[in-house]
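Colleague: I would like to go through this model with you, feature by feature. Please give the criterion before each case.

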Amino acid sequence: MSSLRFALAQFDFAVGAVSANAARMRALMADAQADGAQLIAFPELSLCGYPPEDLLLRPSFLKACDDELAALAVDSKDIVACVGHPHAQGEVFNALSVLRGGRIDATYHKQALPNYKVFDEQRYFRPGQTPLVVEIADVRVGMLICEDIWQAEPAAQAAQAGAELLLVINASPFDTGQAAKREALLSLRARETGIALIYVNCVGGQDDLLFDGSSLLVEMDGTVVARAPAFVDALLFADYDSVLRRFTADWPKVEDASIEATIYAGLVRGVRDYIGKNGFPGVLLGLSGGIDSALTLAIAVDALGAERVTAIMLPSRFTSELSNREAIVQCQTLGVACEMMSIEESFDAFRVTLAPLFSDHAEDITEENLQARCRGVLLMALSNKFGKMVLTTGNKSEMAVGYATLYGDMCGGYAPLKDVYKTLVWQLARWRNTQGEVIPTIVIERPPSAELRDDQTDQDSLPPYVELDAILERFIEGEQSQAEIVAAGFDAQTVRRIARIVLASEYKRRQSAPGPKITTRAFGRERRYPISSGWR
């Protein structure tokens with residue numbers, strides 16, 4: 001036999017849903033077998049979902065994984081299945097087991113354990129030491145797990161052990177630069193070893209992580225011959241000719257490979273999976289007539305359907321007629337239920353209550369924040385009463401510099417734009433309108449404003465967003481010093497001010513809702529700065 005037919009299960013395997021994941025695997029094994037596949041490969045830790053975090057410290061969780069793996073092996077009589085799972089042998093390993101003939105035939109332990117950026121695997125796992133090469137349909141297949149392929153040694157070991165083909169199972173999170181890095185790395189490994197690569201990645205949203213799938217086939221000369229679409233569940237079939245040492249695959253085509261299309265698909269997937277996995281019947285959000293809430297509404301509708309989304313307009317005396325009008329227009333366009341609740345009475349009540357203590361003080365940002373907090377109270381009350389989760393609508397630029405109100409516009413359970421800079425918000429809104437105009441053009445083009453006082457714009461308090469975002473990207477993603485940013489041509493006083501307020505706003509970000517990571521340095525698990533710090 002010169003050809004190995006295989007299937008890659010680019011699917012979402014939810015964290016902690018061990019029985020449900022095993023059931024999905026069982027069904028996919030049957031589908032793959034029906035299509036003639038001799039091998040099916042599942043992503044890294046697919047049996048328990050990735051990352052399981054401190055669930056791995058619970059013996060009952062590890063036992064459940066062992067039990068489901070054993071049961072799954074029984075159904076592997078007519079197909080070979082490569083399954084990612086935790087493997088407890090006194091110590092715990094990140095493992096890949098080869099199931100065939102109704103049993104667990106072999107197990108490989110991941111050797112390279114990442115402990116940087118969002119990864120914390122050395123907290124839970126011990127590294128493996130030896131390669132695994134198994135023969136499947138007369139092809140010697142070397143097994144690797146995710147980070148193993150980013151280091152030269154595990155692939156070299158598999159090659160020395162006689163591998164003719166490398167299978168890499170992955171749980172590789174998305175960011176805007178990751179696809180290009182993966183392809184370059186896999187191409188390098190193929191050329192170094194002279195061995196073709198199968199790369200299968202999981203897909204879906206898990207709290208603040210996005211997994212894009214984007215599975216790949218790479219031939220021995222480093223040529224990428226097949227790319228799976230991002231953020232799409234798919235059972236991907238291909239054939240490997242062991243004589244010609246080439247792949248044949250007819251995978252779904254990527255219709256729009258632009259960065260805007262990919263990011264937008266990721267944000268939609270993040271909202272859909274967060275709401276679905278946490279059992280919420282739908283979402284509600286405060287719709288202000290501004291670009292951030294308008295884009296969040298479009299994402300929510302694309303993720304969940306209009307019937308599961310409610311928009312709440314919360315105008316004050318400072319809300320413009322344009323804001324109210326265009327918010328209503330967008331709801332009508334999208335078919336979303338829209339409710340209007342003035343915050344004037346609530347705002348007045350707070351002012352009356354506080355008047356005895358505020359009598360000797362002029363109005364300032366306190367009164368502006370009171371308006372945001374009135375809105376937060378009302379949105380959370382609606383959430384409590386009707387069970388829908390509040391989406392908060394702030395973007396990364398605002399969160400970076402603290403241009404947000406704790407217990408006000410920061411209220412909510414999930415923040416779709418948390419890792420999206422303001423300049424990218426505009427890009428995504430314009431891209432979404434190319435697919436059908438759902439965001440009023442005037443909302444995209446108007447100057448951004450919190451509308452918490454008369455004639456207010458964001459640029460009263462902040463530099464223009466093009467300048468602000470450029471500084472923030474250098475300071476946050478690039479970890480550049482203030483001197484380096486100034487040397488790049490930015491105004492020294494502006495840079496000092498932005499750096500100061502980014503560092504001073506850490507306490508706010510610690511209390512913010514999770515949101516999908518799309519950049520190379522997201523707030524949260526990827527960027528862990530101390531709140532109390534003298535470093536400036």
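The dialogue below takes up a sheet, its helices and a pocket.

Modeller: The model is predicted: local features need pLDDT of at least 70, side-chain atom pairs count only at pLDDT 80 or more, and totals for chains, interfaces and linings use all residues. Residues are numbered from 1 along each chain as its sequence is written, and side-chain values use heavy atoms, without hydrogens and water.

Colleague: What is the strand order of the open sheet?

Modeller: Helices (H or I, at least four residues) and strands (E, at least two) are DSSP runs numbered from the N terminus, and two strands pair if DSSP finds at least two bridges between them. Here seven strands run 5-4-3-2-1-14-15 with mixed pairing. Strand 5 (103-109) and strand 15 (246-249) are the edges, each pairing on one side only.

Colleague: In which sense do strand 4 and strand 5 pair?

Modeller: Antiparallel, over six bridges; Leu96 has Tyr108 in strand 5 as its bridge partner.

Colleague: Which strands does helix 1 touch?

Modeller: Contact means heavy atoms within 4.5 Å. Helix 1 (residues 18-34) packs on the sheet, touching strand 1, strand 2, strand 3 and strand 14.

Colleague: How many residues line the second largest pocket?

Modeller: A pocket is an open set of points on a 1 Å grid over the protein atoms alone, where a 1.4 Å probe fits, with protein on both sides within 12 Å along at least five of seven lines; lining residues have an atom within 4 Å of a point. This one has 33, with Ala230 and Asp256 among those nearest its centre. Helix 6 gives the largest share of the lining, eight residues.

Notes:
Axes are lines fitted to C-alpha atoms, for helices over the stretch in contact, and angles run from 0 to 180 degrees between N-to-C directions.
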